Amino acid sequence: MEFPPIYILSLEGAQRFGPLAEALTVRGLTFEVFWGIDGRSRLPRAHEPLVDRAGAEARMGRPMSDGEFACALSHRQIYERIAAGDAPSAIVLEDDADPGPAFFDLVSALADPPCGLLLFDHKNTYVKMRDRLILPGGVRAYRMALPPFLATGYMVSREVAAHLAFRDGPVVQPSDWPDAILQFDSYACDPRVITQRGRHAGLSSLETGRRKHGHKRRKSLRRLLYRSYWRRWLTKRLARKLA
């Protein structure tokens, strides 16, 4: 049976991928551990030209932490690897991903990608209910109306990976998720087939970094003057929230 390549994104100093690696190995799935950029203490100087801190703050309404920049750059490096490969799709799992039984039912169906991007885990997800995919294991996937949060686990086609990898300009937002994904066939699983291990046990390292530096989004009434705000407002009300 054919499977898409599986990449586990981890940090050399973290070594959190053990439970995930064991779960994949038991099911006979091969994988590659992809070492990401470690920005927990600070973003390595060599990567500073690849980010735009002022642009990120203007876009996000708050400063991005070094950990967020490092995570976004790490996912971009994986996209480059996938785009340079021969496989039509690949699966990316962060090292704290906890795959459920439905995930393993899905994997073999993703060697030939059913869409450009398929999120296994997601949060704050607004979708178009009339545009859906029926996947193995009783899983349905709905086309996303707005970019959601979380990049815990996803399938990405080589075409979409190439677009995300080689977009012009430095990083100005976190890895989850740029508006560009709405240009492609981007779907979110319902129910979610992967969750974050220990999500409710404490804060993630990225959230810890944001709180440490007081990086909280500032809301201004000026946002009411922009058409983009009202387009998003209308989109939310015409869509359904999955998670």
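Is L221 buried or exposed? At 67% relative accessibility, L221 counts as exposed. Keep in mind that this is a predicted model. Here is a friendly tour of its surface patch, a pocket and the salt bridges.

**Surface patch**
- L221 sits in the loop between α6 (205-212) and α7 (227-238).
- Together with L224, W230, W233, L234 and L238, L221 forms a nonpolar surface patch with about 650 Å² of accessible area.

**Second largest pocket**
- The volume of the second largest pocket is about 200 Å³.
- Its lining has 16 residues, and R76, R167, V171, Q173 and P178 are the closest to the centre.
- Helix α3 (residues 66-84) contributes the most to this lining, with 4 residues.
- By type, the lining residues are 9 nonpolar, 4 polar and 3 charged.

**Salt bridges**
- The structure has 10 salt bridges.
- R16 and D95 pair through their side chains at 2.7 Å, N to O. They are 79 residues apart, with R16 in the loop between β1 (6-10) and α1 (18-26) and D95 in the loop between β3 (89-94) and β4 (97-99). R16 is partly exposed at 38% relative accessible area, whereas D95 is buried at 5%.
- D121 and R192 form another salt bridge, with their closest N and O atoms 2.8 Å apart. D121 is in the loop between β5 (117-119) and β6 (126-135) and R192 in the loop between β9 (186-190) and β10 (194-196), so the pair ties together parts 71 residues apart in sequence. D121 is buried at 0%, while R192 is partly exposed at 33%.

Methods. Residues numbered from 1 in each chain as written. Predicted model: local features only at pLDDT ≥ 70, side-chain atom pairs only at ≥ 80, totals over all residues. Heavy atoms only, no water. Patch = residues over 30% accessible without salt bridge, like charges linked within 9 Å, V, L, I, M, F, W, Y side chains within 5 Å. Areas by Shrake-Rupley, 256 points an atom, 1.4 Å probe, with all protein chains shown as cover. Salt bridge = Lys/Arg side-chain N within 4 Å of Asp/Glu carboxyl O. Helix = DSSP H or I, 4+ residues; strand = E, 2+ residues; numbered from the N terminus. Buried < 20%, exposed > 50% of the residue type's maximum accessible area, 1.4 Å probe, protein only. 1 Å grid on protein atoms, 1.4 Å probe; cavity = no way out; pocket = protein on both sides within 12 Å on 5 of 7 lines; lining within 4 Å. Points joined across faces, edges and corners; volume = space filled by probe spheres on them. Nonpolar A, V, L, I, M, F, W, Y, C, P; charged D, E, K, R; others polar.
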